[in-house]
Amino acid sequence: MANSKKYWKGFDDLIDSPISKSLAENEFAEPLPSTDFYGDEKKLESSSTSRRDFLKFLGFSTAAATLAACEAPVVESIPYVVKPEEIIPGVPNYYATSIFQGGDFASVLVKTREGRPIKIEPNKDVAFNGGTSARIQGSILSLYDANRLQEPMAGGDISSWPEVIKATKAAIEKANNSGKQVLFVTQNIISPLANKLVGQMAMQYSNLHHIIFDGTSFSGKLDFYEKAIGKRALPTMNLDNASLIVSFNADFLGEYTGQSVSSTYAAKRKPGKSMLRHVQFESMLSISGAAADNRYKLRASEQAVALAYLYSKLGGAVSKPNVNESTASQLDAVAKELKAAAGTSLVLAGGNDEASEAFAFGINQLLGNVGKTLDVANLLLLHAENDAKLSNATKSLASGKVGAVVFVDVNAVHALPKSLGFTANLDKADAVITLTDRLDETAAVANYALPLTHFLESWNILHPTSNTVGLSQPTIGKLFNTMQFEEVLLAWLGEDKKLYDAVKETYSELNLDAPFNTALHDGVVSKEVAAAAALADVDYSGYAKAASAAVSSGTEIVFYRSTALGNGTYANNPWLLEMPDPISRVSWDNYLMVSPSKAEELGVRNYTESNGAVNGDYVTVTVGENQLENVPVFVQPGLAPDTVALAIGYGRTAAGKAGNEVGVNAATIMNGLQHWATGVSIAKASGKHEFACIQLAHTMMGRKIVNETTLEAFLNDSHESWNVKTKFETHKGQLTASETTLWQAHDHQTGHMWNMSIDLNSCIGCGACVIACNAENNVPVVGKDEMRRHRDMHWLRIDRYYSSDMTEEVAEEEGIRATTKFLKMEIASDNPEVVFQPVMCQHCNNAPCETVCPVAATVHSAEGLNHMAYNRCIGTRYCANNCPYKVRRFNWFSYENNSDFTAVNPAQDDLGRMVLNPDVTVRARGVMEKCSLCIQRIQYAKLEAKKDGRKVRDGEFTTACAQACDSGALVFGDINDSASRVAELKKDTRMYHLLEDVGTEPSIFYQTKVRNKA
């Protein structure tokens, strides 16, 4: 059965507003402001005029413009005086290392060129977190952040390390000897070396108290497991054994406990009889909810009671609590599925709530999932928060019992919730010491600020799970006068030991099988895990009372970590700030997400300007005694009734030139360390907020884009019925577009023919591919204002489509009245299904761009690629107008040297330029650019194969986006190699081309999305 669903990007697209129609018909909708720029160079540079019009007005000939485009700057290079043996100019070096930053752990390979790291790649040979997220991909840019703290500071003045070590040690000793507490406030520590040294400090200073604050607390979960399994750690998930996942506000594909399961999840979601089924209950639309087969809205306060209901329904020894009729019906259906999938199911609970975790664990125990899909032997060690300890420390601080506070990579003044009262009493401590990477909000009130070394400059040993030990090694010398936390601890302890020796010594103490150098080469080594301890009896009756008591009425607010910034560690990273959010498609902001019905109740709205820019109203949000003003509102489907949501980590005032004043600080109104709060009041405020939202950009004018079907149809119906190929009437009968082409065929049987497969079933919209492409191809950052104009420069975008079964055609066919039709469409738009679709240059074999370029700047290769010769391009933009996929990007400005982009573009300073890939040119103003399918990687692989006298092997290299994709949604290769993975995928019945009826014959193809509906 052919798919007839309605797909839309935003509400304007859904109702087919005049603005949406205008944008669909004219991608370049801005009028030509010719009267404004005559004779004014500055106005000319900032105008929206196309280069074609610029040439027309100034009377340039095509020949003159072509000559001008050929001019290039002269760069003088200085060779090595003594070349390091391991460095060969032009040849990359790779180093395995482990990363733990901002709560994110990954085992990675770091690509260096001439001694400088330029790219982070996944280390897919390891069992735990061998993939990369958008933040891990972008973290390399933070190494070259000019706003990093470069020297130790004392009293606001630059000092030296011997002086600050002596002074800070004296402050700690003074506090301890006077009987006052010394508070060590750190992010979670998974380094055995750091933990050992902190332990030695605690032995030396009896009043030292170690407090962990990670931005997002899971203390409630840890409280439960400390009782149930005797260890303050979380179980790991094992999706290899799963056939059904039921998640309650656990965004396990995005912002959850830190274990990455996207690769296993995607593998289990391949269509077939054993396809994994996924049901999601949640308060706001998340990445995991977008991937789910069935998604149900559930208020945050009702999460624990819903789990208690499900536990009772499955035979748990608690009375069945009261839940609303709709939720009860949904849970009853899920209970039947869970019973049928006993032993191969998995129930997950999000949030910082002990009762929710208890019932999720109880359900898994009842079903026999513990030890199969939920592993309590191999524990996750990424979290160790204890909210009670933080509460006690706050009381001690308020009562004047604290003499010294040491913050380690914790920006407490910004990130600690105001309701805790911790930072309000910070001035009662005699000394405040912060180890930080920049002069942040906490450093501004500290007596001493000690600059921390970046993880790419560091030696360390990390222990993320019971059976995993990772080693970190420096991939570049220290750029500034910095020290690691472990180095500072050694200095405080008076140990004259090099960090390398300390790491090696700690490694030997773990009694691992692999030699140190082997572990260092591989990045990670496995460790034997002891059998799981006997599970303690759990009294669920108390948890049932707590769950029922948590249910509230009125408006609730959910606090979440955004895909881009996480807990706020990367608040000054322009790549991540500019990455559109997977769900809202907004960048450079956080915002209060409200549902359409809540927006109507509050009298707030979003509205779209004629050029596609989205604006919104402001509100004032009050939670208890705390208030946050001028919060922009973004109307977002998928929220639970009377629920709003706000991302943490934004609203910085001392992050750096890119991150300052971006968004609002959610910590101002957080309810302690809970992930949600009740008793919320919202009042409309004056003013208009300008969003950088690209959800209506790059429209494809409503043509067939997403192909989708159900698992039932996939298994039982002919693929011609759900993967319909458009056919045209000809004198030879009905033929497809490829069979009726007027183009002269290329010879793609000789040599290579590069293709890429994109599986819509596997793509989770995480954005890792987007940031990887930025890093690999020197994609410029353009800032919020240019993003508002839909002038993003991303070579790869991930379109997010909402979908509904109610369309104009269905309504007409079923005779549904207009009022009922729009009501059903509104219901669908309130909780739509979601599809993510990566789109880059499709490398058409019948490329419309090539035929209209007057200077042959864009040409077709013998290997199926569409090339760009930048020094030929004169910027007519004919190719962009003629591209049905809207994947070409025009350089409006010289982003690397225009002063308007100084705050956002890292290539504007000497340090930021160090991240640039020397294999890819930095494009000039006035030319077109787009995806090249990483031609530099293709050529490098061909040269290596030629040197070895062999053919290029399938899988020996891939594009940056495909390599970064942990879910395996993108597969690149040579279809002329019949044994290649991409050639196999091209024969799959799910394969289709984007807008294939246009007849462009792309080298990129997609796999139909299949939903495993109940």
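Q: In this structure, does Ala658 count as buried or exposed, and at what relative accessibility?

A: The model is a predicted one, and the reading that follows applies to that model. Burial is judged from relative accessible area, with buried meaning under 20%. Ala658, at 6% relative accessibility, therefore counts as buried. Its place in the chain is the loop between strand S27 (643-647) and strand S28 (676-677).

Q: Which residues is Ala658 in contact with, leaving aside its neighbours within four places in sequence?

A: With those neighbours set aside, Ala658 is in contact with Asn572, Pro574, Leu577, Trp588 and Ala903.

Q: How should I read two packed helices, and at roughly what angle do the axes of helix H10 and helix H15 cross?

A: Two packed helices are described by the angle between their axes and the distance between the axes. Here the axes of helix H10 (residues 219-228) and helix H15 (residues 354-366) cross at roughly 50 degrees and come within 7 Å. H10 and H15 are therefore oblique to each other, and their crossing is right-handed.

Q: Which residues in H10 and H15 meet?

A: From H10 come Gly220, Lys221, Asp223, Phe224, Tyr225 and Lys227, and they meet Glu354, Glu357, Ala358 and Phe361 in H15. Sorted by class, the contact of H10 with H15 has five charged, four nonpolar and one polar residues.

Q: How do I read the pairing of strands, and in what order do the four strands of the open sheet stand?

A: Strands of a sheet pair through backbone hydrogen bonds, either parallel or antiparallel. In this model four strands form an open sheet in the order S12-S11-S10-S13, with parallel pairing. The edge strands, each of which pairs on one side only, are strand S12 (294-297) and strand S13 (345-349), and the twist from one strand to the next averages 10 degrees. Within the sheet, strand S10 (residues 244-248) and strand S11 (residues 277-282) run parallel and are joined by five bridges, and Ser247 has Gln280 in S11 as its bridge partner. Helix H13 (residues 303-313) lies across S10 and S13, and runs at about 140 degrees to S10.

Q: Which way do strand S5 and S17 run, parallel or antiparallel?

A: Strand S5 (residues 153-154) and S17 run antiparallel and are joined by two bridges, with Ala154 standing opposite Tyr448 in S17. Strand S16 (residues 431-436), by contrast, pairs with S17 in the parallel sense over four bridges, and there Ile433 has Tyr448 as its bridge partner. As for the side chains of strand S17 (residues 448-451), Tyr448 and Leu450 point one way while Ala449 and Pro451 point the other way, and all are buried.

Q: Where does Leu995 lie?

A: Leu995 lies in the loop between strand S41 (991-992) and strand S42 (1004-1007). Leu995 also has a positive phi of about 50 degrees although it is not a glycine, and at 1% relative accessibility Leu995 counts as buried.

Terms used: Residues numbered from 1 in each chain as written. Predicted model: local features only at pLDDT ≥ 70, side-chain atom pairs only at ≥ 80, totals over all residues. Heavy atoms only, no water. Axes fitted to C-alpha atoms, helices over the stretch in contact; angles between N-to-C directions. Parallel < 35°, antiparallel > 145°, perpendicular 65-115°, else oblique. Left-handed = near helix turned anticlockwise from the far one by under 90°. Contact = heavy atoms within 4.5 Å. Nonpolar A, V, L, I, M, F, W, Y, C, P; charged D, E, K, R; others polar. Buried < 20%, exposed > 50% of the residue type's maximum accessible area, 1.4 Å probe, protein only. Pairing = 2+ DSSP bridges.
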